[in-house]
Amino acid sequence: MKQIICLHSLTPEQIQQLEKAAPGYEFIVKNKKDLSPELIQNAEVFLGWSKTIAETALQENSNLKWVQTWSAGVDTLPLERLREKGILLTNASGVHAIPLSESIFAMMLSFPRQIHAAVRNQMQNKWDSTLSAPGLTTLGEINGKTLVIAGVGEIGRETARLAKAFGMRVIGVRRSDKPEPNVDRMYTLDGLHEALGQADYIVNVLPLTNETRHIFNASAWNAAKNGAVFINVGRGPTVDTNALIEALNQGRIGGAALDVFEEEPLPAEHPLWSMEQVVITPHIAGDNDRYAERVIEIFTENLKAYVQGQKPPRNLVDYERMY
């Protein structure tokens, strides 16, 4: 019997849902540590991926034909080897739109309202109504401010929708300058610096590709509007961290909220930890209690097409673009 291996826990109801979508397939739900080489080699489909199974799954005599990742990003997968073997790759793009956009606004609102400064004062039993955090010396609001969203996909669209509800002007940056609802102006990546020059707030949700690695570098910070706040929930290596620290120290960037980093976990001695104008979360902005439900929804739709001999209709990764 053809086998589908899931590396993440599923409820009995979710397993039944998948079995109904793919009759004749055996579903094996196991931790990656409990998989034998024989099971890995025999599996035709993986739901989830792990570096520890890569060598066995990508051997010449393996049965692997399709990988549905549990994550939206695929930059850590062996893309070239997957492409060489002709393996279909789909990601979980779309599952993060709500939790990530809500995280973005939690971070964004903390700066004009100086919530991060108040929390630090609370830890010291300190009453200080001036809340004079570095880079942001007065209380403000986001209404009427300009938000630049770098990477207008599912997350960017939802972020733009919420931004409009807050009365913000929205500028988008992505590969295509095709218009989007709730985006006042769209730039291609070539126009990033021009867009940054207008931004009060910058949100990065770009995927990591050869084109976007260190796209937020010293030149980008020099082009940015003085005092802009930077929020990164995309990919850590899209940012030159040293250049960001320098821009923060010099006040060119007024503050930063960072969920992802070039090096994770962020080392305890890293200077970002002690910067008062920086908010740090440990790569959790996209997590929530409905994550598995949304991944299974995508996988089920793709699985129904796959067993009919069709390509998965949702989130098929373009190996050339790396997303």
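The questions and answers below go through a predicted model.

Reader: In what order do the five strands of the open sheet with parallel pairing stand?

Author: The edge strands are β2 (25-29) and β5 (88-90), each of which pairs on one side only. From one strand to the next the twist averages 20°. The pairing in this open sheet is parallel, and the order is β2-β1-β3-β4-β5.

Reader: Which residue of β4 is the bridge partner of Leu47?

Author: Strand β3 (residues 43-47) pairs with strand β4 (residues 66-68) in the parallel sense. Three bridges hold this pairing. The bridge partner of Leu47 in β4 is Gln68.

Reader: What angle does the direction of α11 make with that of β4?

Author: Helix α11 packs on the sheet and touches β1 (2-6), β2, β3, β4 and β5. Between its direction and that of β4 the angle is about 160°.

Reader: Are α1 and α11 roughly parallel or roughly antiparallel to each other?

Author: The axes of helix α1 (residues 12-21) and helix α11 (residues 291-306) come within 9 Å and cross at roughly 10°. Angles under 35 degrees count as roughly parallel. The two helices, α1 and α11, are therefore roughly parallel.

Reader: How do the residues of the contact of α1 with α11 divide into nonpolar, polar and charged?

Author: On the α1 side the contact is made by Gln14, Gln17, Leu18 and Ala21. On the α11 side it is made by Ala292, Glu293, Ile296, Phe299, Thr300, Leu303 and Lys304. The division is six nonpolar, three polar and two charged.

Reader: Are the residues on both faces of strand β9 buried or exposed?

Author: Tyr201 and Val203 lie on one side of β9 (residues 201-204), and Ile202 and Asn204 lie on the other. Both faces are covered, and these four residues are all buried.

Reader: Which residue of β10 is the bridge partner of Tyr201?

Author: Strand β9 pairs with strand β6 (residues 146-150) in the parallel sense over four bridges, and Val148 stands opposite Ile202 in β9. Four bridges also join β9 to strand β10 (residues 228-232), and these two run parallel. In β10, the partner of Tyr201 is Val229.

Reader: Is Ser110 buried or exposed?

Author: Ser110 has its place in helix α5 (residues 97-110). Leaving aside neighbours within four places in sequence, Ser110 is in contact with Ile115, His116 and Val279. Buried means under 20% relative accessible area. Ser110 has 9%, so this residue is buried.

Reader: What distance separates the C-alpha atoms of Ala106 and Ala285?

Author: Ala106 lies in helix α5 and is exposed, with a relative accessible area of 52%. Along the chain, Ala106 and Ala285 are 179 residues apart. Their C-alpha atoms are separated by 10.0 Å.

Reader: Which residue does a cis peptide bond join to Pro265?

Author: Most peptide bonds are trans. Pro265 lies in the loop between β11 (253-258) and β12 (278-280). Here the bond is cis, with omega about -5°, and the residue joined to Pro265 is Glu264.

Reader: What is the positive phi of Asn315?

Author: Most residues other than glycine have a negative phi. Asn315 lies in the segment after α11 and is partly exposed, with a relative accessible area of 22%. Although Asn315 is not a glycine, its phi is positive, about 65°.

Methods:
Residues are numbered from 1 along each chain as its sequence is written. This is a predicted model: local features need pLDDT of at least 70, side-chain atom pairs count only at pLDDT 80 or more; totals for chains, interfaces and linings use all residues. Side-chain values use heavy atoms; hydrogens and water are left out. Axes are lines fitted to C-alpha atoms, for helices over the stretch in contact, and angles run from 0 to 180 degrees between N-to-C directions. Angles under 35 degrees count as roughly parallel, over 145 as roughly antiparallel, 65 to 115 as roughly perpendicular and the rest as oblique. Contact means heavy atoms within 4.5 Å. Ala, Val, Leu, Ile, Met, Phe, Trp, Tyr, Cys and Pro count as nonpolar, Asp, Glu, Lys and Arg as charged, and the others, Gly among them, as polar. Buried means under 20% relative accessible area, exposed over 50%, partly exposed in between (1.4 Å probe, protein chains only). Two strands pair if DSSP finds at least two bridges between them.
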